[in-house]
Structures are given as C-alpha cells and as structure tokens.
Amino acid sequence: MASTYLAKTYSGSGNRQRQTISFWMKRYKTGAGQVVFSSYYTSSYYAYVLLKSDDTLQYYNHSNVSIRTNRRLRDVNSWYHICITLDTTQATEADRVKIYINGVQETSLNTATYPAQNAEVKFGDNNLHEIGRHDGGSYFDGALSHFHFVTNTAYQASSFGLTDATTGEWSINTAPSVTYNTNSFFILKDGNSVTDQSGQGNNYSVGGGTLSDLEDCPSNVFNTMSNLNKSSSVDVRRNANTTVGISNSSSGAARSNWNIPATGKWYFEYKMIPDNQGNTYPNSGIKYDAEKFYNPDHSNSDADIFVYGTYGSILLYVRNGTNITANAPASSGDIFGFAIDQDNGAIYVHENGTYMTQGGNVGNPTSGGSKTGAVFTYTAGTYPNMCLVGKEFGNSETQWNFGNGIFFTTPVSSAGNNPSNVGIFEYDCPTGYTALSTKGLNL
C-alpha cells in the first residue's frame, strides 16, 4: 500500500466520545512516518493513527490528544494487532485512551497527553477519513486486514482477538461480537474488499494506487524476503517484501526471512525479469547453509543452486555440480518453480511448468526415495538450514511467489492445482508439497 489509500467522506457525525479502532497490519518498511488511519477537516483540525519514523505508534487528535508508545514496531515478517479505545467520559484521564498491541495494553508511553473529560475527537466526524495516508502524504507501506471502526462503545482488544491455547500467540477473531453505530465500518474482512461488513453501509473506495488481494493474512503468514539481511544496493520492499531488485548497475543479494524446514516438502515460484537490455538475468535460488549468508555485500552471498542466464540462454547451476540446460531459452517473465523434498533429500526445478531433466530423466517431485530427475540429491537431514537467496545484477529483479498468488502486482494468470490448499501458485504444486506459511508448517 505504499501509494495506495482508501477514502470516505461522511455526511454526518457519529459518537466522538466513545470509539474503538481495531486492525491487523503487516509492515513492509520501517524507519519512516506512515499514517494508518486519519480524519481530516482542515490543517488545524485532524486526527490520525501514525507509525512514527522511530517506529513507535501514536494516536493523535489535533491539539488535545497525543498518546505515543515507547514500544517500537519493527517486525516486517509478522502481523500486529492494534486496538485503540477512546472513552472521554471516564473520570480517570489514563482510562480515556488505551492502546493495545497484540492483546496487551501499552502502559510504557513516550507521550501521554489525554483528552479532557467529555472532549470530542475528529474521528467519526462529518469529514474526510482515509486509510493508508493523511493529507496527501505519509503513506502506509504494508498490508492491512480486518479493519474495524466502532462508535458509541470502547471495546477492549479481547473483543477482536484471543490467545491461542496451543501456541500462546495472539490470534484473530474473524467474527467479533460488537455493535456498530453511525459512521462505524468493518472492511478488509475478505481479502481486499472495501465493502462495509458492519451493516452500516459505510463502504470505502480506493482513492489511489492498487489494493492487492494477498493470501498472507493474520491467520496464515507467508514467507517473505528480508529487507534487513541484504545488500545495501538491493530493494526488497515492493509488494509484500517479495520482489528483490536493483535499479542501477551494481549487484547484490537478499535472503529469505524463513529457512526451509529440516523436514517436509516445500514449493515456491519466482519470475525472472532481466535488465532493460535483456542481457543479464538474476541468479536466484537456494543456499544450502543459511548461516553462511553472513555478508550479503561480498562472498558467500550467492546461492548454491540457482537459475542463471545471459543473452537469452539460461542454465540451472549447481555449485560443485553439473550445469543443467533448461528446457527452453529464457525470456523476461519466465517462471521457475522449486520443489524441495527434505524428507528424501532431493530438489526439483521447472521452467514454466516443465521440469528440468537430470540423468536422462524428467524431474518428478513425487518420486519419493528414487529421486527421479532431481537436479540435486543429498542424504535427508544433511541441510537443515537452507535459505532462499535473490542475487541481482544491474536493473534486474526476481519476483517471488511463496503462495500469495501474485508476482509483484500481477496476480497469477491461471492458478495451478494445489492439493495442500495452502497458497496460490501459477503452476501445479506437487502432491505432498505445500507453501512456506504458518498453515503449511502445521499440516
């Protein structure tokens, strides 16, 4: 949502003394001021929920309210639940505004300017409300889900989430029992739908940019590429931190946030985009030992198994092994799929759905212990810490699909079969394999 925002202008006012704001967010970028929700009347009368440049969270209402956490929200691979309750009728000022993060009230505050008793705020007033920016700027860079705005009642975070009895983690309540009143809304419940589910008819519209529909959500978190463990020249912020690219003549690499589990069968795809002359392709793939990805600006940043190409020809390269010619010449936008069988010790690679051949045999990811056509074989358990590496050259990029069903901003054209029912891929996810996601880990 780095250039995307939602908007609605209300014709009348709702209750502005008792309110609840609840939403789930996944950040793609830290260290910059980003507005999640705002209400704008004039440059002197406005309110917003802001992620500040130091990654603290602030609830602000023009000149009379400023509640800001000491806690910094810097995790770009997980979802946060934010719940802000307002009740200015309370006699104790600290009870008038409360901020909850993942179900826990924030009591260590950087700033604590509370509203006067019975004061009103601009949220819920008859003015412009925006999700994802404020006053034409400070765009939110991330994903949002299950966004509630409730007037008349100050609900606690426990109305919208609960602690999982098995994991102890804060989990989403997809159907909270709350009462919505004038100017309330509940949007982004089903993917990117801006249709109000509260019954109040307060639909929002996309004011700018593209509102992508991602499989990644609070109840199923997918792997992403790291915007921390990467070369300084590499950009991985675009579209859910799944696109690794370089916009200059240098080179660099980024690794995945998750390692490949030591057991199980895993599938992912990526699309290769060469430089604008069509000369150089990225060489992205798998690193056997994630611990050796310690310096992405220098040696040991390359993958051990990767697709590499130049001037229209392409190879699958296996370090200390054999180069395997692909089934067809590569072109911009080709999609490569990797099927990693950690249970049997085999890796298979396809180009646009056709598996590469090794030893005279076409790759068969479901061949089990025979490892038919695998481009690389090993003793199961040998590589318990594999990671994925995107290595880029000047003006090239790799667009990864870990199951989100989208390459950069382009949805898959015709989803393949996926027996695991976890994630959406362009080509068939082999039987017995699944996506690198929290649901995939628990199958």
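Start with R68 and D54, whose side chains form a salt bridge at 2.6 Å, N to O. Here a salt bridge is a side-chain nitrogen of Lys or Arg within 4 Å of a carboxyl oxygen of Asp or Glu. The partners come from distant parts of the chain, 14 residues apart: R68 sits in strand β6 (residues 65–69), D54 in the loop between β4 (45–51) and β5 (57–61). Strands are DSSP runs of E with at least two residues, and helices are runs of H or I with at least four; numbering starts at the N terminus. R68 and D54 are both buried. Buried means under 20% relative accessible area, exposed means over 50%, and partly exposed lies in between (1.4 Å probe, protein chains only).

A note on what is on screen. This is a predicted model, in which local features need pLDDT of at least 70 and side-chain atom pairs count only at pLDDT 80 or more, while totals for chains, interfaces and linings use all residues. Residues are numbered from 1 along each chain as its sequence is written, and side-chain values use heavy atoms, with hydrogens and water left out.

**Stop 1: the D125 network.** Select R16, E120, K122 and D125. Salt bridges link these four residues in a network. D125 meets R16 at 3.5 Å, N to O. That pair spans 109 residues: D125 is in the loop between β10 (109–113) and β11 (128–131), R16 in the loop between β1 (5–9) and β2 (18–27). D125 and R16 are buried. Now look from D125 to K122. Their side chains form a salt bridge at 2.6 Å, N to O. K122 is buried as well. Across the whole structure, a search finds eleven salt bridges.

**Stop 2: N118.** Stay in the loop between β10 and β11, where N118 also lies. N118 is not a glycine, yet its phi is positive, about 70 degrees. Most residues other than glycine have a negative phi. N118 counts as partly exposed because its relative accessibility is 43%.

**Stop 3: F408.** Go to the loop between β33 (406–407) and β34 (410–411), which holds F408. This residue, too, has a positive phi without being a glycine; the value is near 60 degrees. With 25% relative accessibility, F408 is partly exposed.

**Stop 4: D216.** Select the loop between β16 (205–208) and β17 (225–230) and find D216. D216 is buried, at 8% relative accessible area. Its side chain makes a polar contact of 2.5 Å with that of K26. A polar contact is a pair of N or O atoms within 3.5 Å; within protein, one must be able to donate a hydrogen and the other to accept it, and residues adjacent in sequence count only if both atoms are side-chain atoms. Leaving out residues up to four places away in sequence, D216 touches K26, W79, V221, F222 and N404. Contact means heavy atoms within 4.5 Å.

**Stop 5: the nonpolar cores.** Select F268, F338 and I347. These have the most contacts inside the largest nonpolar core, which has 51 residues. Such a core is a set of buried Ala, Val, Leu, Ile, Met, Phe, Trp, Tyr and Cys residues joined through side-chain atoms within 4.5 Å. Elements giving two or more residues to this core include β12 (142–151), β20 (265–273) and β25 (335–341). The most come from β20, with four residues. Next, centre on F338. Residues it touches include W266, F268, I305, I347 and V349, not counting residues up to four places away in sequence. Finish at another core, lying apart, of 36 residues; among them are V36, F140, F147 and F185.
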